[in-house]
Amino acid sequence: MSRYARYALRIASLALALGLWQLLTSQDIDLWLRFSQFPTVTDVARTFAGRLAGPDYWTDLTDSLTRILTGFVLAAVLGVATGVLVARSRLAEDLLGPVLEVIRPVPAIALVPVAILLFPSNEQGIVFITCTAAFFPVLVSTRHAVRALAPVWEEAVRTMGGGRWRVLGSVVLPGALPGVFGGLSVGIGVSWICVISAEMISGQYGVGYRTWQDYTVVDYPGVFVGMATIGVLGWLTSTAVELLGRRLTRWLPRTGHLPAARPRSARAGAAPPPAGAAPHRIPRAQPEEARDEHLV
């Protein structure tokens, strides 16, 4: 399937979902789910157009993006650094590991009272919650990615006279990048969940704050405008992280979506090899050390 056909299929699936939503809500269909209580797509679209014309929507958008980006960047830097440190140092693992493992199961949104007590402003508390939410996925993914690296790569660098920083820059960080970006993709999604929840509880302005205000005044089209805005922003930021990860890991082999072609001799009607001909040898796959030689 071509790229344009895939795009058309995605647009068609979204249009089908919106059309089904419009049909169920406009006809007040109540089977088991009460679609009669939902606003229609046209109601949400009119409310969204009205929000775009006012300044409050753009202020909320700017505030939420500022909070999410600040917290996520801090979490990315701290998570990668801590993950590498814990994976490479037994002393760091013994000192930091127990504390991190005790804090990790605690939901970030449960830290709202802690943030209120610790920080002088709600803004700093929301950034802290967002950073904490993304920190642990990045930490865990980085730690596992570093520990999964083949020791032969590091040995090759040390054989050629490389020191600790050379190993870190030539082996550890490039080799762990796929795992790091896996954690970043998870972290950005969790960050959106927690920043919206924190804005609902203790925020002033922001998409989450406005969505909660719409709910309290029973403005359901406004609630759905906030939900749609959160979904689009989350999709855009996740896509940006994924594209950045692909760009920084170009050296990785990419697997396509097309099925592998069958060998010529397995096809129906294929002629057998002539008598006396040497059998076709399938080339052996290169060892892992040779494939990843460019890392060191």
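**Exercise 1.** In which helix is the place of Trp212?

Solution. Trp212 sits in helix H9; helices here are DSSP runs (H or I, at least four residues), numbered from the N terminus. A note before we go on: this is a predicted model, where local features need pLDDT of at least 70, side-chain atom pairs count only at pLDDT 80 or more, and totals for chains, interfaces and linings use all residues. Residues are numbered from 1 along each chain as its sequence is written, and side-chain values use heavy atoms, with hydrogens and water left out.

**Exercise 2.** Find the volume and the lining of the largest cavity.

Solution. Start with the space: about 60 Å³ lies in the largest cavity. A cavity is a set of points on a 1 Å grid over the protein atoms alone where a 1.4 Å probe fits but cannot get out, and lining residues have an atom within 4 Å of a point. The volume is the space filled by probe spheres set on the points, which are joined across faces, edges and corners. Next, list the lining, which includes Arg51, Asp60, Arg210 and Asp214. Finally, trace the helices: H3 (55-88), H9 and H10 (220-248) each supply at least two lining residues.

**Exercise 3.** Which helix gives the most to the lining of the second largest cavity?

Solution. First, the second largest cavity has a volume of about 40 Å³. Among its lining residues are Val112, Asn122, Ile129 and Ser202. Two helices, H5 (112-118) and H6 (122-147), each supply at least two residues of this lining. Of the helices, H6 gives the most, with four residues.

Key. 1 Å grid on protein atoms, 1.4 Å probe; cavity = no way out; pocket = protein on both sides within 12 Å on 5 of 7 lines; lining within 4 Å.
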